Amino acid sequence: MESLGKLIAPETLRFERRLRSSIERVWAYLTESDLRGKWLAKGEMDLVVGGKVTLQFLHRELSPEPGAPPEKFKDMEAGHSYTGTVLKVEAPRLLSFTWEGGSEVTFELEELGGEVLLSLTHRRLPAETIGNTQTGWHTHLDILAADLKGGTRPNFWRQWAIVEAAYRQKQNPAATTGMLIRRPAATVFEAFVHPEQTTQFWFTRSTGRLEKGKGVEWIWDMYDHTSNILVKDLVPNKKIEIEWGAKGQPPSRVEWTFEPVEQDYTFVHIVADGFPGDEDQVQQMVTDTATGFCWVLAGAKAWLEFDLRLNLIGDRFYGGRK
């Protein structure tokens, strides 16, 4: 996936693309109606400060490949248009103009050897529009890059779906792991549902068995830590889904699935997501959570297959050591 856009301030998106082209050619793709209509929207621009900008969007004309818009954008199938005002223009390096809803778009071009660095900054965006705007600009820039390379411009809506999925994954990254346990699914499922089993390889105490819609507490006495658990879904021998977190802290989500495999064995998949915090904090939580669940599954495997209590969770940070 080409460089993802970044939210550099609460109302500001920024994209950077290195394009193999001349700065004059990229400038033409920003300012000339016919060329801009290949990747963004047709429409005339009066390239002076205070000049009128007209953009006429018709996404199906951006590519020779067919593809209908998703249901939530059906009203855009016939196209739409808007007019704005040029705020800054310094050919062939800077162009800024107003956008729909009172926001502002700025393009900056910089020559880098045989390439051009295009920087796009979209300011004053309402919070509720940021997600779709981010995906939309990224998709338009993908089409621009394809045309500058002489390739086939991808269908906007198909590419939009691919880009949206990439942003969704980035914004809600998941910690994942799994393990084969050589016991039947019913046995393995019960080990995660019934605290008398789970305390053999994970937490030290619990206020009750997991039941759909029920809240319980899991306690790790060695770390003086308690997690509040809300069971969102529970399908016997197949799935457990919970929200969990310390009291007063935003919860995250964990899902176990139990897949029967050969000889009455079970492969346990674990996915955890919905972590709170900024990008760095979330990435650290993804790493720590995936690592922690690897220890949990190793302990469960030892207990269920060999009746061994390895005490992995308690010993991992024994005495506060890392």
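**Pockets and a helix**

I began with what lines the largest pocket: helix H7 gives the most, with eight residues. A reminder to myself is that this is a predicted model.

Next I looked up the volume of the largest pocket, which is about 990 Å³. I found 28 residues lining the largest pocket, and those closest to its centre are His 225, Trp 244, Met 285, Asp 288 and Thr 289. Besides helix H7 (279-306), the elements that give two or more residues to this lining are strands E11 (225-235), E12 (239-245) and E13 (252-261) and helix H8 (312-316). Sorting the lining of the largest pocket by class, I noted 17 nonpolar, eight polar and three charged residues.

Then I turned to the second largest pocket, with a volume of about 520 Å³. Its lining has 23 residues, and Met 76, Trp 99, Glu 100, Asn 132 and Thr 133 lie nearest the centre. H3 gives the most, with five residues. By class I wrote down 11 nonpolar, 10 polar and two charged residues for the second largest pocket.

That sent me to H3 itself. Helix H3 covers residues 130-148, 19 residues in all, and reaches 27 Å from first C-alpha to last, close to the 27 Å expected. Is H3 enclosed or open, and why? I found 17 of its 19 residues buried, so H3 is largely enclosed by the rest of the structure.

Notes: Residues numbered from 1 in each chain as written. Predicted model: local features only at pLDDT ≥ 70, side-chain atom pairs only at ≥ 80, totals over all residues. Heavy atoms only, no water. Helix = DSSP H or I, 4+ residues; strand = E, 2+ residues; numbered from the N terminus. Expected span 1.5 Å × (residues − 1). Buried < 20%, exposed > 50% of the residue type's maximum accessible area, 1.4 Å probe, protein only. 1 Å grid on protein atoms, 1.4 Å probe; cavity = no way out; pocket = protein on both sides within 12 Å on 5 of 7 lines; lining within 4 Å. Points joined across faces, edges and corners; volume = space filled by probe spheres on them. Nonpolar A, V, L, I, M, F, W, Y, C, P; charged D, E, K, R; others polar.
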